[in-house]
Amino acid sequence: MDSSRDVPRSLSKPASIAVLYVGGGCDFAARLERERERFTVHTESDPRAALDRIRGGDAAFDCVVCDYDLPALGGLDVLDRVRAEFPELPFILVTEQSDDEVANEAISAGATDHFRKRDDAARHQLLAARIANAAERARTSRALEWGLTAVETARDAVCILDEDGTVEYANAASATLLGSDREGLVGRRWESFVPDDELQPTCDAILSEAREGRWSGRSSLVRGDGDRIEVEHTLTSTSDGALVWTASRSDTLEERLSRRVRAMDEAPIGIVLTDPNQTDNPLVYVNDEFTSLTGYSRDEVLGRNCRFLQGEATDEDAVAELRAAVDEREAVTTELLNYRKDGTEFWNRVRIAPLFDDDGVIDFFVGFQDDITPRKTYEELLRSNTARLEALFEHSPDLVVVHTDDGSIRDVNQRMCEELGYSEAELVGKTVWELDPTSDPERSRSFWAGLPPNEPTRFEGALERRDGTTFPTEVHLIELNVDGEDLFVAMIRDISEQKQREAELIEQNERLDRFASVVSHDLRNPLQVAMGRLELLADDCDSDHIDDIDRALDRMDDLISDLLVLAHDGNDAMDIQSVALSDLARTCWQNVMTGDATLTVETELVLDANPEQLQQLLENLFRNAVEHGSTGSRTASGDAVEHGSTGSRMPSDDAAERGSGDGGVAVTVGETDRGFYVEDDGVGIDPADRDTVFEAGYTTSAQGTGFGLNIVSQVAAAHDWEVRVTEGTEGGARFEFRVE
């Protein structure tokens with residue numbers, strides 16, 4: 001265990017001995033200290049406090065002297081605890097009376113010595129001698145351990161040779177250097193590592209000089225694998241005639257330089273060396289990364305000053321800083337906009353430092369060059385975005401609030417101040433729930449804690465103005481990390497008008513429900529009675545008026561059907577699906593009485609739409625084309641009727657005849673760059689009528705209800721599509737729908 005007792009002391013001269021006396025005799029401690037000038041005695045009467053001092057390392061104690069009789073803990077208890085943590089720390093147990101049993105127990109427990117305390121000068125001298133001997137033995141043991149550890153972990157090879165030059169010990173580095181395991185080295189003579197051609201002169205000269213005291217130099221050795229290596233080594237004689245042999249591999253200057261060059265060539269940043277002793281401080285070395293960074297080859301740059309990388313936009317102040325540092329022989333780091341060989345710009349972080357020789361004279365300047373273009377680009381983008389965001393924050397039409405996760409407001413924009421009637425200083429520091437009457441502190445904190453970072457979340461709330469009035473809001477909240485702090489940015493919009501429109505729509509839907517009820521029950525029921533009575537009347541008498549009454553009742557039925565479609569579409573939720581326009585168009589064509597009319601589908605468009613409503617749109621357009629595409633007047637009608645869930649409403653015979661009077665109209669469904677169209681080759685729609693054909697009730701036909709094309713426009717509006725009427729390719733009517 002590491003402790004203060006492991007602190008190295010000088011081994012070449014006597015060191016002071018720190019003694020901790022644990023007991024109640026201050027005079028005893030003082031007399032002990034007077035016995036040796038080297039002693040420094042620390043006294044502690046409380047054994048627990050003494051243990052804390054030993055553990056705490058407030059002094060490097062060399063020995064503990066402890067009374068046997070102590071309060072709270074006995075001397076043997078203190079010994080047990082010291083040995084558990086510091087097994088090598090000298091510990092002497094002192095008793096008032098001679099007690100062989102206590103002495104034996106102390107020695108068995110690991111005490112260094114047992115001593116009987118008497119008020120006798122000779123006894124104090126004897127105790128001092130025992131303390132000094134115990135401390136020195138412990139130090140010597142530690143020194144030997146340190147020395148062995150140092151030798152074992154040394155990077156250099158260390159071997160011990162006997163008088164005959166035989167290896168008696170070899171450390172781990174020796175095995176690595178000489179290419180053999182340690183067991184294989186022990187027992188070999190030193191000469192066995194010397195090449196045969198150098199054996200006699202080398203051994204004679206080296207060993208002779210080493211036995212006289214010390215030899216140091218360079219020579220060749222043969223490894224266990226047969227390779228010949230150059231080593232720098234030393235042989236030193238010891239007092240008992242043995243030799244200590246240390247060795248390390250010796251590389252030539254060329255080898256050392258070669259390794260350095262290879263290291264620089266493989267470095268992931270650009271490295272250059274310039275020679276300040278030549279005119280204009282030219283480049284004398286560049287690595288591979290520099291050539292990749294700049295686009296220049298070595299031959300193109302060696303001998304030139306680095307300024308060839310500079311260009312029109314290079315900062316002159318930064319260049320001047322570099323020149324000043326070179327002139328002053330100082331290190332410097334700066335960032336430059338440089339230019340590659342092909343003229344492209346790159347940001348270069350340049351770090352230059354002087355390299356000195358052994359005499360303190362500058363040999364070279366080394367330059368490290370990093371491409372920091374991505375970072376600079378990001379910083380510029382960040383500055384630009386920051387400026388835009390600040391402008392957006394201040395001038396946004398929305399109310400913007402920045403708050404912490406405890407609801408405290410950090411910042412607000414001017415729009416927030418204007419809308420609520422507070423100054424910025426009055427709002428900053430308030431909490432969210434002071435401004436939002438719908439917000440609860442506990443619920444809000446829980447909600448914020450569960451938000452995923454960097455993902456906006458939408459919800460509705462309310463804000464209260466200074467005058468006490470409130471208004472509903474739509475909040476888009478996002479959690480962002482700003483300079484290491486998690487903050488919440490709320491973009492708030494006043495939705496009072498939206499809420500008012502929603503209320504109006506609810507009221508409108510309720511009116512439509514009531515209207516549909518009236519149409520469905522109060523009108524259709526008597527109509528069905530009239531139709532039934534008319535059939536009975538036709539059986540009883542033959543009158544020209546019966547056909548006119550039948551047509552009038554059919555027209556009323558068509559009107560009721562179209563009105564129900566309008567009411568139904570305005571009240572139902574949209575179920576949006578992916579719909580293949582070509583398939584649905586062909587299905588709708590089968591639901592309409594088309595006579596001799598033809599359909600051509602020229603699209604594979606897939607729409608996101610409500611299938612039922614899109615079916616109503618297509619069937620109304622097909623019906624309109626078939627019934628009015630071949631009439632004599634260039635008019636259109638909203639006379640097509642619903643072919644949805646209530647079943648197909650087929651046209652009357654005279655309508656079918658009108659649709660095929662001139663051989664049948666040709667209807668085409670195709671796609672545009674932003675949607676689709678439905679067109680025919682009939683008589684078309686007069687330009688003067690194109691702005692009014694979608695109005696409810698508009699018709700130029702005596703049989704029309706005026707709601708068919710209005711239904712088309714309602715379906716388009718429900719899908720957020722734009723519809724317009726124009727002239728077809730063959731001169732007929734063309735309905736274009738822009739869906740994106």
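Colleague: Which charged residue sits over the ring of Tyr 677?
Modeller: In this predicted model, the charged end of Arg 734 sits over that ring, 3.8 Å from its centre. Arg 304 likewise lies over the face of Phe 308, at 4.4 Å from the ring centre.

Colleague: Turning to the ring pairs, how many aromatic pairs are there?
Modeller: The count is ten aromatic pairs. One of them joins Phe 676 and Trp 721, whose planes stand at 85 degrees with the ring centres 5.9 Å apart. Planes over 60 degrees apart count as edge-to-face, so this pair is edge-to-face.

Colleague: Where do Phe 676 and Trp 721 lie?
Modeller: Phe 676 is in strand β25 (residues 675-680), while Trp 721 is in the loop between α23 (708-718) and β26 (722-727). The pair therefore ties together parts that are 45 residues apart in sequence.

Colleague: Are these two buried or exposed?
Modeller: Phe 676 is buried, at 0% relative accessibility. Trp 721 is buried as well, with a relative accessible area of 8%.

Colleague: What about the rings of Phe 676 and Phe 737?
Modeller: Their centres are 4.8 Å apart and their planes are at 15 degrees, so that pair is stacked. Phe 737 belongs to strand β27 (residues 733-738) and Phe 676 to strand β25, so the contact links parts 61 residues apart in sequence. Phe 737 is buried, its relative accessible area being 1%.

Colleague: And which residues form one aromatic cluster with Trp 190?
Modeller: Phe 193 and Trp 245 form that cluster together with Trp 190.

Terms used:
Residues are numbered from 1 along each chain as its sequence is written. This is a predicted model: local features need pLDDT of at least 70, side-chain atom pairs count only at pLDDT 80 or more; totals for chains, interfaces and linings use all residues. Side-chain values use heavy atoms; hydrogens and water are left out. Rings of Phe, Tyr and Trp (its six-membered ring) pair if their centres lie within 6.5 Å; planes under 30 degrees apart count as stacked, over 60 as edge-to-face and the rest as tilted. Helices (H or I, at least four residues) and strands (E, at least two) are DSSP runs, numbered from the N terminus. Buried means under 20% relative accessible area, exposed over 50%, partly exposed in between (1.4 Å probe, protein chains only). A charge sits over a ring if NZ of Lys or CZ of Arg is within 6 Å of the ring centre and within 35 degrees of the ring normal.
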